[in-house]
Amino acid sequence: MQPASPLSDIAVVDSHVHLYPDALAPKVTPALSAKFGNGPSFDGTVAGCIGKNKASGIAVSINLPVATKPDSVRSTNRFWSAYAPGKSASGIVSLAAFHPLVGDKTAEVENIVSLGFTGIKFHPEYQLFRFNDKSMDDVWAAMAEYGLVAYLHAGGERVFKPPYHSTPGEIATLQKRFPSLKIVAAHLGGFSMWNEAEAALAGKCGVYLDLSHTFFWMPVGQILRMIRTHGADRILFGTDAPWQDQRKVLEAFCALPLSDKERAAICRDNASELLLRVSR
């Protein structure tokens, strides 16, 4: 028998997972596991995530593909377009990939829109750029025009060393320069840079913050304080699965002294409206 969901009255959306095509997962998942220094909670495939979701009480997982080279962007997006919002009943949804070195950036954004995606994942530590590089301005402007969400890795990284490209200060500057751009900053705005994230972002700008890779890494009191300061209507539940265990993260979240309304906003409503485009 499947264990009951810690939030049985809420269709939980995990806004931050990383999945790989079946042909790649047997190579990619073990390689990344060796880099990160911890085993995955499942094999990194769509089927593996679906099974883990059922065991964890999660209704929908949103995949965030990272393109590590420009010539993989089109093929990655073709594959994941089958999981663009509204296209699959599997409980798996995907955002698009992008790379700063693609030839025609605006055309690439337009192609992503045509495939039905609602947002794009960016990871400057892998992709070696900064959010406020002038070469990215056309991308942010086009995304703002089309209403696409910029889902940003934020802060440090376990497999990279400083100086980091995606600091909370960079994100705050980007939001000021493109105030109409919808932004999600992962890891509460800055993995391993949470004091800076709290000072630069919490309650100070309109970006959304996700909770991936915060539980078991940062003080629980600081997690709660940042949620309260920034507002539950701007926080997304996320796990970073398979690199964290979904059920353990959800249970840790449920232990926070939040109201039912706050839990529903964080675990369902915000991501549903922003990324799945489901009206409240």
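Two strands count as paired if DSSP finds at least two bridges between them. Helices (H or I, at least four residues) and strands (E, at least two) are DSSP runs, numbered from the N terminus. The model shown here is predicted, so local features need pLDDT of at least 70 and side-chain atom pairs count only at pLDDT 80 or more, while totals for chains, interfaces and linings use all residues. Residues are numbered from 1 along each chain as its sequence is written, and side-chain values use heavy atoms, without hydrogens or water.

View 1. Six strands form an open sheet in the order β4-β5-β6-β7-β8-β9, with parallel pairing. At its edges, β4 (96–97) and β9 (235–236) each pair on one side only. Further in, look for the four bridges that join β6 to the parallel strand β7 (residues 182–185). Leu152 has Ala185 in β7 as its bridge partner.

View 2. Buried or exposed, which is Pro162? Pro162 counts as exposed because its relative accessibility is 59%, where buried means under 20% relative accessible area, exposed over 50%, and partly exposed in between (1.4 Å probe, protein chains only). Glu125 is 37 residues from Pro162 in sequence, with 9.6 Å from C-alpha to C-alpha.
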